[in-house]
Amino acid sequence: MNILVLNVGSATVKFQVVVTDAERMANDDDTKLLRGQIERIGGESVITVRHADGTSRRQTAALRDMRAAVDWLVGHVTSPESGTGLAARADIHAVGHRVVHGGEQFRRSVLIDDAVLQGIEDNVELAPLHNPHNLRGIEAARTALGAGVPQVAVFDTAFHHTLPEQAYLYAIPYPLYRRHRIRRYGFHGTSHRSIAYRYRKLTARARADVRIITLHLGNGCSACAIQGGVSIDTSMGFTPLEGLVMGTRSGDLDAALLDFIAAKEGLSLSQVEAMLNSQSGLLGISGLTNDMRDLLAEANELQDRRARLAIEIFCYRARKYIGAYLAALGGADAVVFAGGIGENSAEIRARICAGLEWAGLHVDAQANGALVGGKEGRFSVEGSTLEAWVVPTDEELLIARDTFRVVSGET
Ligand code: ADP
C-alpha cells in the first residue's frame, strides 16, 4: 500500500511517502520513497524534497493555501521527476495524518469519516493552534485525491489514554474536569509509542515486559513512563507547555506566576502564556537561541554563562523526571533517548544520566559518543541494572503502519 503521510501545521506541511503492508511490517522493510516539507504556505513557499537515493532538492513556488500546497505535493509525488515510480494520483492508496488532539474520545487511530471530522472539530478548543490545521490538511487531501481515497487520523494524545486518574487529574476542583475536560492529556504519543515499539524489537521483549522511561528531546520535549507497553504517565499535560524544559517553552512552573508576570510586566494573561510558550525554555534562559547545538557551542567554546545555565537547567529537569518516573514505575529497565537532541547529543545524554549511578545507570562514554546521527543502541555499561539507550523515533513510519492497519482491517 502506497501511503502519503502528512503532518500539517499553520503554514507548513511535512510529508513522507511510505510503502508498507503486513509482510513488510513483519520484516521491517517498509520502503520510504520520499520525504520533505513545504514551508511558508500562503506566500512564496519553500519546498524541500529528499529522495530515497539520498539526493535532495529545494525549490520555491507560490502556494496560496494548504489546498494548493497538498495539490502541488500530490502532483509532484506522482510525477516522473519525483523518482517514486508512482505514475498517477490513483497510485496513492491512502493518507495518514498526524492529528494533535484526540481528547478523551480517540484512543486509537481511526478511519476519517464525517463523525471523526466532527470529533476533531470538537477538540479544537483543546488545541486551537493545531487541530484546525489538521482539519485543513484532511480537507486538502480529500480535494486533491478524491473522497474515495481512505484517510486515517493518528492522534498525538492517543497513546496516553491509558494514564490512570491519579496521573491525569490536576488537583483543582473536580467539577472543572467534568465541565471543561480539564485534565492532563499528554502529547508526542506517536513518538513515545514508536520508541517503545522499536526498543521492544531491539531487546526481543514481549510488549507486557516493556518497562521503560522514554525521553523525546527535540524542539518540544517530553518524558513518558511506560509499563506493560502502555503509557502510565507523561510530562506534557493539558497542553504541550507542561513538563520538561524545551526549546522555547518553560515546562513546569508555579501557576501563580501568570498573574504576577502579567501585573509586573503590564501584559495580558494570553501574552504571558505566549511568553511561556515561545520566549522561554532554552531561549529564555540563554537569551541567545532555542537550538541546542548552538547553545552547546556557546557554552563550550565561548564559555557563555547563561548558555551553560540553560543547559544545566534542561538536564536537571530531565533527570528529575527520570527519578519521578522510576518511582512511578517502581523501577525501570531502561531510559531511552530520542528526538533531535536525544539522538544526536552524547553530551546532553551524559549530563542527564550523570548522578543516576545510585539507580544502577552507568554510562559507557565510548558507546554514548558513537550513538549519533540516527544510530540506535545501548550506551550503558554491560550489567547496568538501569540501561540507557538511544532509539531514534520514527513517527511517520508509525503513522504509515497505522494507516495500513486501519485501512486493511489488519491488526
Ligand atoms: P522537532 O521537535 O521540531 O521535530 P528535532 O527533533 O529535530 O525537532 O530537534 C531539534 C533539536 O535538536 C534542536 O534543538 C537541535 O539543536 C537539536 N540537535 C540536532 N542535532 C544536534 C546535535 N548534534 N547536538 C545537539 N543538539 C542537536
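A hairpin of four residues connects strand β1 to strand β2; helices (H or I, at least four residues) and strands (E, at least two) are DSSP runs, numbered from the N terminus. The model is a predicted one, in which local features need pLDDT of at least 70, side-chain atom pairs count only at pLDDT 80 or more, and totals for chains, interfaces and linings use all residues. Residues are numbered from 1 along each chain as its sequence is written, and side-chain values use heavy atoms, with hydrogens and water left out.

Strands β1 (residues 2–8) and β2 (residues 13–19) run antiparallel and are joined by seven bridges, pairing being assigned if DSSP finds at least two bridges between two strands. Within this arrangement, L4 has V17 of β2 as its bridge partner. Strand β1 also runs parallel to β6, with four bridges between them, and here I3 stands opposite A94. In a regular strand, side chains alternate between the two faces of the sheet. For β1 both faces are covered, with N2, L4, L6 and V8 buried on one side and I3, V5 and N7 buried on the other. Buried here means under 20% relative accessible area, exposed means over 50%, and partly exposed lies in between (1.4 Å probe, protein chains only).

Leaving aside residues up to four places away in sequence, F314 touches L217, C221, V245, L282, M292, I341 and I348, a contact being heavy atoms within 4.5 Å.

Aromatic side chains come next. Seven aromatic pairs are found, where rings of Phe, Tyr and Trp (its six-membered ring) pair if their centres lie within 6.5 Å, and planes under 30 degrees apart count as stacked, over 60 as edge-to-face and the rest as tilted. F106 and F155 are stacked, at 4.5 Å centre to centre and 5° between the planes. Because F106 lies in the loop between β6 and β7 and F155 in strand β8, this pair ties together parts that are 49 residues apart in sequence. Both of these phenylalanines, F106 and F155, are buried.

Finally, the structure holds 20 salt bridges, each a side-chain nitrogen of Lys or Arg within 4 Å of a carboxyl oxygen of Asp or Glu. K32 and D394 form one of them, with their closest N and O atoms 2.4 Å apart; K32 in strand β3 and D394 in the loop between β14 and α16 are 362 residues apart. In helix α16, R405 and D402 are separated by about one helical turn, and their side chains meet at 2.8 Å, N to O. D402 is buried at 5% relative accessibility, whereas R405 is partly exposed at 21%.
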